[in-house]
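Okay, thanks everyone, I'll keep this short. Have a look at the structure on the screen, and I'll walk you through a few spots.

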Amino acid sequence: MPIQTCKHATYLPILILLLSFSGTSAQTVKITNVTGNIYESETITEQLDFDGITRLAFTASSGFTGTISMKTSATETRLVYSEHFKARSLDEAENFAKYIKLVSDKSNGVLVLRADAERGAPWQGTDQSARLEIELVLPESLGIDLQAEYFDINIQGPFTIVEVLNDYGRIRVSNVTQMLKILTENSRVNLDNIQGAIDVTTSNNMIRAQKIDTKDGMALFRNEYGVIEISRLTGVVECVTSYSAIDLRGIKLTSGRSRFVTTYGSIDAEIIELKDAELYVTDDFSNVELILPEDVEAEFDLNVERGGRIHMTGITVTSEEMGRHRLVAHTDNPESKVNVDISGIGTVSIQGKKFYGVP
């Protein structure tokens, strides 16, 4: 990161410790008073050795915030970082910097990187703060294990396996080829071009995913008080949230059992392919709208409570049971199953549509 300077900028030498694989090395860096009570270090670049490494394990302590960016390169690897402080003076910024260390180790095919704030860091519990900006350029098809509270995270593969543990950050992950697992709270999650098994949990924010192929696994999206939006997914998927909507577009359910569950939020799903699959939809006090291929072959079991309604158009079915609160029906050669249950007042709407390609 380029150093920002002002006309009367002042520099102090600060010692930041980086433990290398072969021993300990130290270097002096400069701290700049950017403006007012904001200070930052110069940008440091370190070369990393990934010979024999198949997995990166990165941990950031909860003593500071920051951003972590990971991307791949076929020709180079590096660690680039800078430190940022809110402090009352240059002396205080100098003191803050002494409490932050980057430590690395290499063992059994794993490169371990740790960004630590020592216990008793003086900014904790005050109006002052420390922030770390990190960029990692990594080999392609590496496995990633990342634990960082209060950090914004941007991961751009191709990586094989990505596991993220985070709170109160913004998470972006793209191009994962085998498995993705994210466990966080109060974080917005954006996913793009993910293959394999997926397990994502957050709360009080949005999950948005596109270009998903679960292969032989399944995608599980769990949210609480947050919207789930998915487009262009193939495979098996389970979406569970509460007091929020579920919105799906361009979905292909090609096997297994999929579920959409929420409470007090609508479910709108455009299923462009449903073959040899089961779909279970549950909602409370809201509406469910499913758009299916007009030539779908399926059994339908649709249920509402008193005051609810059921509508089905565009699909030719034979009714087995039809009443004010339930419709059981099937097409000529059913190979899939659709079950919808609404508790409380709500409408189930099933619409058949001719699809000419993926939206």
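Let's start with the largest pocket: 13 residues line it, and the ones nearest its centre are Ile-272, Lys-275, Pro-293, Asp-295 and Val-296. Keep in mind that this is a predicted model. The volume of that pocket comes out at about 220 Å³. Which strand gives the most to the lining? That would be strand 22, residues 267-274, with three residues.

Okay, on to the core. The largest nonpolar core has 93 residues, and Met-70, Phe-221 and Phe-260 have the most contacts inside it. Strand 12 supplies the largest share of this core, with six residues. As background, nonpolar side chains tend to be buried together in soluble globular proteins. If you click on Phe-221 and skip its neighbours within four places in sequence, you'll find it in contact with a list of residues including Leu-191, Ile-198, Val-200, Ile-230 and Val-240. Glu-238 is on that list too.

Last stop, Asp-152, which sits in strand 12, residues 151-167. Is Asp-152 buried or exposed? Its relative accessible area is 19%, and the cut-off for buried is under 20%, so Asp-152 counts as buried. What does its side chain make a polar contact with? The partner is the side chain of Arg-170, at 2.9 Å. Again leaving out neighbours within four places in sequence, Asp-152 also contacts Gly-66, Thr-67, Ile-68 and Gly-169, among others.

That's my tour, over to you.

Terms used. Residues are numbered from 1 along each chain as its sequence is written. This is a predicted model: local features need pLDDT of at least 70, side-chain atom pairs count only at pLDDT 80 or more; totals for chains, interfaces and linings use all residues. Side-chain values use heavy atoms; hydrogens and water are left out. Helices (H or I, at least four residues) and strands (E, at least two) are DSSP runs, numbered from the N terminus. Buried means under 20% relative accessible area, exposed over 50%, partly exposed in between (1.4 Å probe, protein chains only). A polar contact is a pair of N or O atoms within 3.5 Å; within protein, one must be able to donate a hydrogen and the other to accept it, and residues adjacent in sequence count only if both atoms are side-chain atoms. Contact means heavy atoms within 4.5 Å. A nonpolar core is a set of buried Ala, Val, Leu, Ile, Met, Phe, Trp, Tyr and Cys residues joined through side-chain atoms within 4.5 Å. On a 1 Å grid over the protein atoms alone, a cavity is a set of points where a 1.4 Å probe fits but cannot get out, and a pocket is an open set with protein on both sides within 12 Å along at least five of seven lines; lining residues have an atom within 4 Å of a point. Grid points are joined across faces, edges and corners, and a volume is the space filled by probe spheres set on the points.
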